[in-house]
Amino acid sequence: MKKIKKTSSDDFELHLIKTHDILKEVAKIKQNHQITVGFAAETENLIDNASKKLRTKKLDLLIANDVSREDVGFNSDFNQVTVINDDNTKIAIQKSTKEEIADQIVQIICKKINK
């Protein structure tokens, strides 16, 4: 790796390399008593893209988060998510503090584990 030096031109190229899909690998090796939970930060087609991620990675639950909104998400103390189950049922968690959302997600995970 080298430092990018300033030049007379303001243009430069940055080449990115795709990383390993850790979540997909974890889902492959999980045991029967374990569940895998993923998160999808999406800016469009929230449910469709999140559902596809749930299926392709073979997850048990996926938390779908619309990060295009300004009133929730990255730059806010609040969030609003949809939890998608592996049977395609969806649980909408209304706008709440991130701590309250985390508590609800943990409750959903616990119910899934205890089935």
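## Basis of the model

Residues are numbered from 1 along each chain as its sequence is written, and side-chain values use heavy atoms, with hydrogens and water left out. In this predicted model, local features need pLDDT of at least 70 and side-chain atom pairs count only at pLDDT 80 or more, while totals for chains, interfaces and linings use all residues.

## Two asparagines with positive phi

Most residues other than glycine have a negative phi. N45 has a positive phi, near 50 degrees. N45 sits in the loop that joins β1 (37-42) to α2 (46-56). Helices (H or I, at least four residues) and strands (E, at least two) are DSSP runs, numbered from the N terminus.

N88 also is not a glycine and has a positive phi, about 75 degrees. N88 belongs to the loop between β3 (78-85) and β4 (90-97). N88 is partly exposed, at 42% relative accessibility (buried means under 20% relative accessible area, exposed over 50%, partly exposed in between, with a 1.4 Å probe and protein chains only).

## S96 in strand β4

S96 is part of strand β4. With a relative accessible area of 12%, S96 is buried. The side chain of S96 reaches the backbone oxygen of Q94 at 2.9 Å.

Leaving aside residues up to four places away in sequence, S96 touches D77, F78, N79, I101 and Q104 (contact means heavy atoms within 4.5 Å).

## I22 in helix α1

I22 lies in helix α1 (residues 22-29) and is exposed, with a relative accessible area of 63%. The C-alpha atoms of I22 and K57 are 10.0 Å apart, and the two residues are separated by 35 residues along the chain.

Conventions: A polar contact is a pair of N or O atoms within 3.5 Å; within protein, one must be able to donate a hydrogen and the other to accept it, and residues adjacent in sequence count only if both atoms are side-chain atoms.
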